[in-house]
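Here is my note on the model, as numbered points. Please keep the structure open while you read.

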Amino acid sequence: PNCWVATVVKLDPFALVAFRNADEVLQKYKSIKIAKPDKPKEFQKTLAEKKKAMDAVNAAYLEVVKLKSPECAVASLFRTGEAAADLVNAMRAGPPPKDLSEQQKELFKSKLEEQTNPLDDQAASYMTLCLDKSAELAVFNDWTKRCLGYLEENRPQTFPKSQLEQRDPVKVRMWLSVLGVGISAEIQKTGEKAKTGPGTERPPL
(Lines give C-alpha, C1' and ligand atoms only; values in the text may rest on other atoms or scores of the structure.)
Protein backbone atom coordinates (compact mmCIF):
# COMPACT_ATOMS: atom_id res chain seq x y z
CA PRO A 1 0.00 0.00 0.00
CA ASN A 2 1.00 3.61 -0.48
CA CYS A 3 1.90 5.82 2.47
CA TRP A 4 -1.35 7.71 1.94
CA VAL A 5 -3.52 4.54 2.11
CA ALA A 6 -7.09 5.86 1.75
CA THR A 7 -6.34 9.53 2.42
CA VAL A 8 -6.65 11.86 -0.54
CA VAL A 9 -3.65 14.16 -0.24
CA LYS A 10 -1.00 15.50 -2.57
CA LEU A 11 2.27 13.74 -1.79
CA ASP A 12 5.87 14.26 -2.70
CA PRO A 13 6.34 11.76 -5.57
CA PHE A 14 9.94 11.13 -4.53
CA ALA A 15 8.83 10.21 -1.01
CA LEU A 16 6.16 7.91 -2.43
CA VAL A 17 8.68 6.07 -4.62
CA ALA A 18 11.12 5.80 -1.71
CA PHE A 19 8.36 4.39 0.48
CA ARG A 20 7.48 1.76 -2.10
CA ASN A 21 11.15 0.78 -2.40
CA ALA A 22 11.39 0.51 1.40
CA ASP A 23 8.32 -1.72 1.42
CA GLU A 24 10.11 -4.08 -0.97
CA VAL A 25 13.03 -4.27 1.45
CA LEU A 26 10.54 -4.98 4.25
CA GLN A 27 8.94 -7.85 2.35
CA LYS A 28 12.33 -9.46 1.69
CA TYR A 29 13.11 -9.13 5.40
CA LYS A 30 9.82 -10.77 6.38
CA SER A 31 10.52 -13.69 4.05
CA ILE A 32 13.64 -14.65 6.04
CA LYS A 33 12.82 -17.54 8.36
CA ILE A 34 14.68 -18.28 11.58
CA ALA A 35 15.69 -21.92 11.96
CA LYS A 36 14.45 -23.93 14.93
CA PRO A 37 16.68 -23.87 18.04
CA ASP A 38 17.13 -27.66 17.64
CA LYS A 39 19.89 -26.72 15.21
CA PRO A 40 21.92 -24.16 17.22
CA LYS A 41 24.35 -23.18 14.44
CA GLU A 42 21.59 -22.74 11.87
CA PHE A 43 19.47 -20.90 14.44
CA GLN A 44 22.23 -18.39 15.19
CA LYS A 45 23.08 -17.99 11.50
CA THR A 46 19.53 -17.27 10.39
CA LEU A 47 18.90 -15.03 13.41
CA ALA A 48 21.95 -12.93 12.56
CA GLU A 49 20.79 -12.79 8.93
CA LYS A 50 17.35 -11.53 9.91
CA LYS A 51 18.77 -8.94 12.32
CA LYS A 52 21.05 -7.64 9.58
CA ALA A 53 18.08 -7.48 7.21
CA MET A 54 16.13 -5.51 9.82
CA ASP A 55 18.88 -2.88 9.91
CA ALA A 56 18.50 -2.63 6.11
CA VAL A 57 14.76 -2.08 6.57
CA ASN A 58 15.39 0.70 9.08
CA ALA A 59 17.88 2.34 6.73
CA ALA A 60 15.40 2.21 3.84
CA TYR A 61 12.64 3.91 5.81
CA LEU A 62 15.11 6.46 7.15
CA GLU A 63 15.64 7.55 3.55
CA VAL A 64 11.89 8.13 3.33
CA VAL A 65 11.88 10.18 6.52
CA LYS A 66 14.72 12.35 5.21
CA LEU A 67 12.48 13.48 2.36
CA LYS A 68 10.27 15.22 4.97
CA SER A 69 6.88 14.18 3.67
CA PRO A 70 4.70 14.09 6.84
CA GLU A 71 2.35 11.35 5.60
CA CYS A 72 5.17 9.07 4.45
CA ALA A 73 7.20 9.79 7.59
CA VAL A 74 4.33 8.62 9.80
CA ALA A 75 3.87 5.53 7.63
CA SER A 76 7.60 4.79 7.84
CA LEU A 77 7.54 4.95 11.65
CA PHE A 78 4.79 2.35 11.66
CA ARG A 79 6.75 0.14 9.26
CA THR A 80 9.92 0.25 11.38
CA GLY A 81 7.87 -0.71 14.42
CA GLU A 82 6.25 -3.48 12.41
CA ALA A 83 9.69 -4.81 11.44
CA ALA A 84 10.81 -4.95 15.09
CA ALA A 85 7.59 -6.74 16.06
CA ASP A 86 8.11 -9.26 13.26
CA LEU A 87 11.55 -10.14 14.61
CA VAL A 88 10.14 -10.59 18.11
CA ASN A 89 7.42 -12.92 16.84
CA ALA A 90 9.89 -14.90 14.72
CA MET A 91 12.26 -15.41 17.65
CA ARG A 92 9.50 -16.44 20.04
CA ALA A 93 7.80 -18.78 17.60
CA GLY A 94 10.35 -21.57 17.80
CA PRO A 95 10.00 -24.10 20.66
CA PRO A 96 12.99 -24.92 22.91
CA PRO A 97 15.26 -27.76 21.72
CA LYS A 98 13.66 -31.14 22.39
CA ASP A 99 16.68 -32.67 24.10
CA LEU A 100 16.63 -30.13 26.95
CA SER A 101 15.32 -30.91 30.43
CA GLU A 102 12.36 -28.94 31.76
CA GLN A 103 14.68 -26.76 33.80
CA GLN A 104 16.89 -26.14 30.78
CA LYS A 105 13.85 -25.27 28.67
CA GLU A 106 12.79 -22.66 31.21
CA LEU A 107 16.31 -21.23 31.15
CA PHE A 108 16.22 -21.17 27.35
CA LYS A 109 12.93 -19.25 27.40
CA SER A 110 14.33 -16.81 29.95
CA LYS A 111 17.41 -16.11 27.81
CA LEU A 112 15.22 -15.68 24.76
CA GLU A 113 13.08 -13.14 26.59
CA GLU A 114 16.21 -11.19 27.46
CA GLN A 115 16.90 -10.87 23.74
CA THR A 116 13.36 -10.13 22.60
CA ASN A 117 12.24 -7.69 25.31
CA PRO A 118 14.41 -4.82 24.01
CA LEU A 119 13.07 -5.45 20.51
CA ASP A 120 9.53 -5.48 21.85
CA ASP A 121 10.19 -2.14 23.54
CA GLN A 122 11.69 -0.83 20.31
CA ALA A 123 8.53 -1.73 18.38
CA ALA A 124 6.33 0.02 20.96
CA SER A 125 8.68 3.02 20.93
CA TYR A 126 8.28 3.44 17.17
CA MET A 127 4.51 3.11 17.40
CA THR A 128 4.41 5.74 20.14
CA LEU A 129 6.63 8.04 18.09
CA CYS A 130 4.28 7.44 15.17
CA LEU A 131 1.38 8.80 17.24
CA ASP A 132 3.41 11.73 18.55
CA LYS A 133 4.49 12.76 15.07
CA SER A 134 0.95 12.35 13.76
CA ALA A 135 -0.19 14.87 16.37
CA GLU A 136 2.72 17.26 15.83
CA LEU A 137 2.35 17.24 12.04
CA ALA A 138 -1.46 17.12 12.04
CA VAL A 139 -1.45 13.87 10.06
CA PHE A 140 -4.28 11.50 10.98
CA ASN A 141 -4.79 8.56 8.63
CA ASP A 142 -4.86 4.76 8.52
CA TRP A 143 -1.21 4.61 9.56
CA THR A 144 -2.05 6.55 12.72
CA LYS A 145 -4.83 4.06 13.43
CA ARG A 146 -2.48 1.12 12.86
CA CYS A 147 0.05 2.54 15.32
CA LEU A 148 -2.66 3.06 17.92
CA GLY A 149 -4.08 -0.40 17.28
CA TYR A 150 -0.71 -1.99 17.90
CA LEU A 151 -0.28 -0.12 21.17
CA GLU A 152 -3.80 -0.94 22.33
CA GLU A 153 -3.05 -4.60 21.72
CA ASN A 154 0.48 -4.72 23.13
CA ARG A 155 0.54 -1.88 25.68
CA PRO A 156 -3.06 -1.84 26.98
CA GLN A 157 -2.10 -0.35 30.36
CA THR A 158 -0.63 2.72 28.70
CA PHE A 159 -2.91 2.81 25.66
CA PRO A 160 -6.38 1.54 26.61
CA LYS A 161 -9.01 1.16 23.91
CA SER A 162 -10.44 4.37 22.45
CA GLN A 163 -7.64 6.49 23.90
CA LEU A 164 -7.51 8.52 20.69
CA GLU A 165 -10.97 9.83 21.44
CA GLN A 166 -10.03 10.52 25.07
CA ARG A 167 -6.98 12.63 24.28
CA ASP A 168 -7.10 16.42 24.47
CA PRO A 169 -7.81 18.11 21.14
CA VAL A 170 -4.66 18.74 19.13
CA LYS A 171 -3.87 22.43 18.69
CA VAL A 172 -2.39 22.90 15.25
CA ARG A 173 -0.03 25.86 15.14
CA MET A 174 1.50 27.54 12.11
CA TRP A 175 4.88 25.84 12.58
CA LEU A 176 3.21 22.48 11.97
CA SER A 177 2.64 23.40 8.35
CA VAL A 178 6.37 23.57 7.67
CA LEU A 179 7.42 20.28 6.11
CA GLY A 180 9.95 18.39 8.14
CA VAL A 181 9.50 20.14 11.49
CA GLY A 182 9.18 17.57 14.22
CA ILE A 183 9.96 14.59 11.99
CA SER A 184 12.39 12.06 13.46
CA ALA A 185 15.48 11.94 11.28
CA GLU A 186 17.11 9.03 13.07
CA ILE A 187 16.08 5.38 13.05
CA GLN A 188 17.75 3.36 15.76
CA LYS A 189 19.72 0.16 15.39
CA THR A 190 18.14 -3.15 16.32
CA GLY A 191 17.21 -3.25 20.00
CA GLU A 192 17.44 0.51 20.63
CA LYS A 193 14.49 2.78 21.34
CA ALA A 194 13.37 5.31 18.77
CA LYS A 195 14.08 8.97 19.45
CA THR A 196 13.65 12.30 17.75
CA GLY A 197 16.61 13.34 15.67
CA PRO A 198 18.69 16.43 16.53
CA GLY A 199 17.12 19.67 15.38
CA THR A 200 13.63 18.16 14.94
CA GLU A 201 12.37 18.77 18.46
CA ARG A 202 9.09 20.60 19.06
CA PRO A 203 9.79 24.36 19.13
CA PRO A 204 8.95 26.25 22.37
CA LEU A 205 5.34 27.38 22.64
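1. Start with Asp23. This residue is buried, with a relative accessible area of 9%. Buried means under 20% relative accessible area, exposed means over 50%, and partly exposed lies in between, using a 1.4 Å probe and protein chains only.

2. A word on the source. This is a predicted model, where local features need pLDDT of at least 70, side-chain atom pairs count only at pLDDT 80 or more, and totals for chains, interfaces and linings use all residues. Residues are numbered from 1 along each chain as its sequence is written, and side-chain values use heavy atoms, with hydrogens and water left out.

3. Which side chain does Asp23 meet in a salt bridge? The partner is Arg79, at 3.1 Å, N to O. A salt bridge here is a side-chain nitrogen of Lys or Arg within 4 Å of a carboxyl oxygen of Asp or Glu. Arg79 lies in helix α3 and Asp23 in helix α1, so the pair ties together parts that are 56 residues apart in sequence. Arg79 also counts as buried, at 6% relative accessibility.

4. Now look at Glu82 and Lys30. Their side chains meet in a salt bridge of 2.7 Å, N to O. Glu82 sits in helix α3 and Lys30 in helix α1, so this pair ties together parts 52 residues apart in sequence. Glu82 counts as buried, at 18% relative accessibility. Lys30 is partly exposed, with a relative accessible area of 25%.

5. Another bridge joins Glu152 and Lys161, at 4.0 Å, N to O. Lys161 counts as exposed, at 56%. Shared partners in salt bridges join Asp23, Lys30, Arg79 and Glu82 into one network. A search of the whole structure finds 11 salt bridges.

6. Step back to the fold. The protein chain has 6 helices and 0 strands. Read along the sequence, the pattern is α-α-α-α-α-α. Helices (H or I, at least four residues) and strands (E, at least two) are DSSP runs, numbered from the N terminus.

7. Next, the core. The largest nonpolar core has 47 residues. Such a core is a set of buried Ala, Val, Leu, Ile, Met, Phe, Trp, Tyr and Cys residues joined through side-chain atoms within 4.5 Å. Those with the most contacts inside it are Tyr29, Tyr61, Val64, Leu87, Met91 and Leu151. Five helices each supply at least two core residues: α1 (13-31), α2 (40-66), α3 (70-93), α4 (102-136) and α5 (142-154). The largest share, 11 residues, comes from α3. In soluble globular proteins, nonpolar side chains tend to be buried together.

8. Pro13 is exposed, with a relative accessible area of 53%. Its C-alpha atom is separated by 9.6 Å from that of Ser69, 56 residues apart along the chain.

9. Last, the totals. Of the 205 residues of the protein chain, 44% count as buried. Among contacts between residues at least 6 apart in sequence, 71% join residues at least 24 apart. Contact means heavy atoms within 4.5 Å. The accessible surface comes to about 11,600 Å², of which 55% belongs to carbon and sulfur atoms. Accessible areas come from the Shrake-Rupley method with a 1.4 Å probe; for residues, only the protein chains shown count as cover.
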